[in-house]
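I opened this notebook to record what I looked up, entry by entry. The sequence and the structure come before the entries.

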Amino acid sequence: MKKENTQVQSDWVTVYVDPGSGKDKGTIFVGVNGKGYYVPRGKAVEVPPEVAEVLKNREAMLEQAEAYSESVSQG
C-alpha cells in the first residue's frame with residue numbers, strides 16, 4: 001500500500017475556498033507546472049504558494065466577471 005505524503009512544507013500557506021452550492025460543492029482542481037492539486041471547499045488547508053496565487057487570481061477574475069455581468073444586465 002502506498003503511503004500518502006502528508007508532510008507540509010514550511011513555505012506553504014493556508015487557504016480557504018468558500019463552500020459552493022449545487023455542482024460547485026466539491027473540490028477545486030488547480031494545475032501548476034504539470035502538478036495537480038485538489039483543494040477542498042469550506043475547509044482551511046495548506047497549499048504551496050503558487051497554488052494560493054492561482055486561487056487568489058481565480059477569485060479576482062470571478063469578481064470581475066460578476067461586475068461585468070451586472071453592468072451589462074442593467075443597460
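**Entries on a predicted model**

I began with Glu 59, which is partly exposed, with a relative accessible area of 36%. The model I consulted is a predicted one.

I then looked up Arg 58 and found this residue partly exposed as well, its relative accessible area being 29%. I noted that the side chains of Arg 58 and Glu 59 form a salt bridge, at 4.0 Å from N to O. I asked how many salt bridges the count comes to. The count comes to one.

Next I turned to Arg 41 and asked where it is found. Arg 41 sits in the loop between β3 (35-40) and β4 (44-47). Is Arg 41 buried or exposed? I recorded Arg 41 as buried, because its relative accessibility of 18% falls under the 20% limit. I also noted that a polar atom of the Arg 41 side chain lies 3.3 Å from the backbone oxygen of Asp 18. Beyond its neighbours within four places in sequence, Arg 41 is in contact with several residues, among them Asp 18, Asp 24, Lys 25 and Arg 58.

My last entry concerns the largest nonpolar core, which has 12 residues in all. Its members include Val 15, Ile 28, Tyr 37, Val 39, Val 47, Ala 52 and Leu 55. I found that β2 (27-32), β3, β4 and α1 (49-73) each supply at least two residues of this core. For Val 47, I set aside neighbours within four places in sequence and listed contacts with Trp 12, Val 13, Val 15, Val 39 and Ala 52.

How values were computed. Residues are numbered from 1 along each chain as its sequence is written. This is a predicted model: local features need pLDDT of at least 70, side-chain atom pairs count only at pLDDT 80 or more; totals for chains, interfaces and linings use all residues. Side-chain values use heavy atoms; hydrogens and water are left out. Buried means under 20% relative accessible area, exposed over 50%, partly exposed in between (1.4 Å probe, protein chains only). Helices (H or I, at least four residues) and strands (E, at least two) are DSSP runs, numbered from the N terminus. A polar contact is a pair of N or O atoms within 3.5 Å; within protein, one must be able to donate a hydrogen and the other to accept it, and residues adjacent in sequence count only if both atoms are side-chain atoms. Contact means heavy atoms within 4.5 Å. A nonpolar core is a set of buried Ala, Val, Leu, Ile, Met, Phe, Trp, Tyr and Cys residues joined through side-chain atoms within 4.5 Å.
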